[in-house]
Amino acid sequence: MLAVNYSSMRDNFKDYCDKVTDDYETVIVTRKNDKNVVMISLEEYNNMKENLYIMSNKKDYDRLVTSKKQLEAGKGTVAKSIEQLRQLEDE
């Protein structure tokens, strides 16, 4: 994570944009009166929004956590048809 002042951001905007998109760097732009802003890539922003959506539904989130634990324990299954997916959904 980088913290840069407004003047530096203005003078080197392209370079900071490249750091954000190419290096997945988060840039905090410091401004007077604590009116700071954060710059992240669109990819990272979309990922955060998706995570918030998934975590907002307890049932879906719990199922995701359970599935992750099953995969880590080597107990994962791969569905090969729509019917198998529907059976898994009913579990």
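Leu64 counts as partly exposed because its relative accessibility is 45%; buried means under 20% relative accessible area, exposed over 50%, and partly exposed in between (1.4 Å probe, protein chains only). This is a predicted model, in which local features need pLDDT of at least 70 and side-chain atom pairs count only at pLDDT 80 or more, while totals for chains, interfaces and linings use all residues. Residues are numbered from 1 along each chain as its sequence is written, and side-chain values use heavy atoms, leaving out hydrogens and water.

Leu64 is found in helix 4 (residues 58–72), and Tyr61 lies in helix 4 as well. Helices (H or I, at least four residues) and strands (E, at least two) are DSSP runs, numbered from the N terminus. With 33% relative accessibility, Tyr61 counts as partly exposed. Apart from its neighbours within four places in sequence, Tyr61 is in contact with Ile54 and Met55, where contact means heavy atoms within 4.5 Å. The C-alpha atoms of Tyr61 and Asn51 are separated by 9.5 Å, the two residues being 10 residues apart along the chain.

Elsewhere, 3 strands form an open sheet of mixed pairing in the order 1-2-3; two strands pair if DSSP finds at least two bridges between them. Strand 1 (2–5) and strand 3 (37–39) stand at the edges with a single partner strand each, so one side of each is left without a neighbour in the sheet. Strand 2 (residues 27–30) pairs with strand 3 in the antiparallel sense over 3 bridges, and Ile28 stands opposite Val38 in strand 3.
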